[in-house]
Amino acid sequence: MAAASEGRSPLTSEMRSPMPLLYRRHSSGEIRNLTSISSSLLPAFGTVVGDGTLNLRRFVLAPYDRRYRIWQTFLVVLVVYSAWASTFELAFRKTSTGALMPIDLVVDAFFAVDIILTFFVAYLDKSTYLLVDDHKKIALRYISHLWFPMDVASTLPFQTLYRLFTGKMHKGDVFGFLNLLRLWRLRRVSEFFSRLEKDTRFSYFWTRYCKLICVTLFAVHTAGCFYYWLAIHYRVADNTWIGAQVPEFEDRSVWLGYTYSMYWAIVTLTTTGYGDLHAENTGEKVFSIFYMLFNIGLTAYLIGNMTNLVVHSSVRTFAMRDAIHEILRYASKNRLPEGLKEQMLAHVTLKFKTAELQQEEVLEDLPKAIRSGIAQHLFRTTVENSYLFKGVSEDFIVQLVPEMKAEYFPPKVDIVIQNEIPTDFYIIVSGAVDVISNKNGMEQFLSRLGSPDVFGEIGVIFNTPQPFTVRTKRLSQVIRISHNHFKQLVQPLMEDGKTIISNLLQHLKDLKKEELEEMPFVTELLGESKPEARNTQISPKSEQGLILPNIINIRSTEKRNPGKTGQPTEEPQNGEGPSQEATRNPKVYTTDMLPIRVILHGHHPDIKQKLENGGKLAHLPNSIEELLSLAEKKLGKRGTTILMADGSQVEDINALRDNDHLYIF
């Protein structure tokens, strides 16, 4: 016993967490689809879940065991028969003692086995959300609830037991009504359909549709059988709804009476009302009244569910049509050119067609690790093959890829427009784009890019207006990363920043002459900078001339004497020299891959300025004094105090971040 207890899970023998079984690969209790599991079987927050298999006691089954689920599904088929036979045998008594009796006994035997089996199925404790596998607790719970007496009452063959004890065959209706207790089993059908509706392996539409058909057929069958039962128990057979049409109907075929009953029930349900079968006495009229009132609710239930299923399948189509109509109205009202209107329509249409592929709302609900894994699987190879990121570290790629967003663009749509402010750059996953230059209103084709080429990176890295227009040639999928995210990733990784700059400069050297002519600052840069492999050095002249403003400000105070190799010397402390920190440190690197952009205002933050038009955008300089001088040039007046939008005073230039609003007065 001691050895057995040592080999058990840390959980007690009476309570087992249900989750470990969900991850078993080769168990008979394996769950292949988590959506088929009830939420009540999942552990509560804070529950300690051990790894490994679920060690229940001997002869105890988990409620979601595959074998037990197959047994439950088999019982659902038997429940369908029981629901049909219970009311049928009440209306047509001859069948209850004839051909259907052996079948009833076999079905009842299966449900008797299920009662015994229930004593060996673990249950979930609602207070701890752990499986209880103690036999005594399972039995006590089952017996003390309503389920046990109702299961027993719906399983006992009362008529057969009466015949065994008395030796007589009772022909009254008492056993027919006792057989109606079998309808208690219908709860299994409801649970079965609820499980199917949550199971993604089955179509929700067809599952719901089958459920509605079953509900309708059961209602029609039950109403028809009770209506026939009223007819055979009325004192004057000819003064009944069926006796008026079929004389001596009690002596006719059972199936003839069942056909008439179903015909009346369906005609009444559909409110057709032919009038050939109608109530003849008071009892039948009262029953017809209640049945028609019930039909009002049933019809509303059926129509509501069917409408919901149909509308749900076409809601995206309605949304797309509404979006297209809105675009057409907007374009007509603002008199947009035909080409621009076509681009808008193509973009909206493609957005709806690719919604299943993007599923941004689905990804947003997933944990960050799963989203990262998806992005790495889809786009990592493309990013690694792009020229800009060749040779960068593994850490940089792992951080970069999850920050990228995938987008689709239809043909002949401008992704990047020449001279626009750079906000993102793109990598082509599939498709093709044309690089176009606009000169004096004329478009000039420069080159064509495909996967895994990069575009928009020149404007982002150099922080200059985009030099070219990039237009899709055909349906294209691209991944993009924003200016801010790229900057935040590169700043702490200096070596990767140097590699990216080296790759960029090498790419610029390989550009066509026509493309370089559109970027005169690049031509000057290539003439002055001589990047070495993995170690890019930007000349001071380039920095001073703002040809490559603050892309990578790698300064080293390590000046080596020709005669004393490896001995650092101090640089002159002038405006172009290193900072005091660099002087104290023999080798200081300042990594600022992209400049910080701030918005300057010439008034107190509490004062609203209507004529200011949002402030002046500027690159953040290296000191407070330089910032005040820059503000004087931008705003036309000299200030002495710098405040943030919340009124706090700026004393350290390094505390500022991108897109901060600075109020200088």
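**View 1. The largest nonpolar core of this predicted model has 49 residues.** The residues with the most contacts inside this core are Val-383, Leu-388, Phe-389, Phe-396, Phe-455, Phe-486 and Ile-500. Start with Ile-500 and look around: leaving out residues up to four places away in sequence, Ile-500 touches Leu-388, Phe-389, Val-392, Phe-396, Ile-461, Phe-486 and Val-490. Apart from this core lies another one, made of 46 residues, among them Ala-223, Val-246, Val-254 and Ala-265.

**View 2. Four strands make an open sheet in the order S4-S11-S6-S9.** Their pairing is antiparallel. At the edges you will find strand S4 (405-409) and strand S9 (454-455), each of which pairs on one side only. Strand S6 (residues 424-430) joins S9 over 2 bridges in the antiparallel sense. To find this pairing on screen, look for Ile-427, which stands opposite Val-454 in S9.

**View 3. Helices H16 and H19 pack on the sheet that holds S6.** Helix H16 (residues 368-385) touches S4, S6 and strand S11 (476-482). The direction of H16 makes about 105° with that of S6. Helix H19 (residues 483-490) touches S6 and S11, and the direction of H19 makes about 60° with that of S11.

**View 4. Another open sheet of 4 strands runs in the order S5-S10-S7-S8.** Here, too, the pairing is antiparallel. Strand S5 (414-416) and strand S8 (442-450) stand at the edges with a single partner strand each, so one side of each has no neighbour in the sheet. From one strand to the next, the twist averages 35°. Within this sheet, strand S7 (residues 432-439) and strand S10 (residues 469-472) pair in the antiparallel sense over 4 bridges. As a reminder, strands of a sheet pair through backbone hydrogen bonds, either parallel or antiparallel.

**View 5. Arg-185 sits in the loop between helix H8 (174-178) and helix H9 (186-198).** Is Arg-185 buried or exposed? Arg-185 counts as buried because its relative accessibility is 2%, and the cut-off for buried is under 20%. The side chain of Arg-185 makes a polar contact of 2.8 Å with the side chain of Ser-82. Setting aside neighbours within four places in sequence, Arg-185 is in contact with Val-79, Ser-82, Val-107, Asp-108, Phe-111, Ser-154 and Thr-155.

**View 6. Two of the spans that UniProt labels "transmembrane region" are shown here, residues 103-124 and 286-304.** The label comes from an unreviewed UniProt entry, which also places this feature at residues 70-91, 209-230 and 255-274. In the model, residues 103-124 are 73% helix and 9% strand, with the end C-alpha atoms 35 Å apart. Residues 286-304 are 100% helix and 0% strand, and the end C-alpha atoms of that span are 28 Å apart.

**View 7. The whole protein chain, for orientation, has 25 helices and 17 strands.** Of its 665 residues, 41% count as buried. Among contacts in the chain with a separation of 6 or more, 67% are between residues 24 or more positions apart.

Definitions and conventions. Residues are numbered from 1 along each chain as its sequence is written. This is a predicted model: local features need pLDDT of at least 70, side-chain atom pairs count only at pLDDT 80 or more; totals for chains, interfaces and linings use all residues. Side-chain values use heavy atoms; hydrogens and water are left out. Buried means under 20% relative accessible area, exposed over 50%, partly exposed in between (1.4 Å probe, protein chains only). A polar contact is a pair of N or O atoms within 3.5 Å; within protein, one must be able to donate a hydrogen and the other to accept it, and residues adjacent in sequence count only if both atoms are side-chain atoms. Contact means heavy atoms within 4.5 Å. UniProt positions are given in the numbering used here, feature names are shortened, and annotations may be inferred rather than shown by experiment. Two strands pair if DSSP finds at least two bridges between them. Axes are lines fitted to C-alpha atoms, for helices over the stretch in contact, and angles run from 0 to 180 degrees between N-to-C directions. A nonpolar core is a set of buried Ala, Val, Leu, Ile, Met, Phe, Trp, Tyr and Cys residues joined through side-chain atoms within 4.5 Å.
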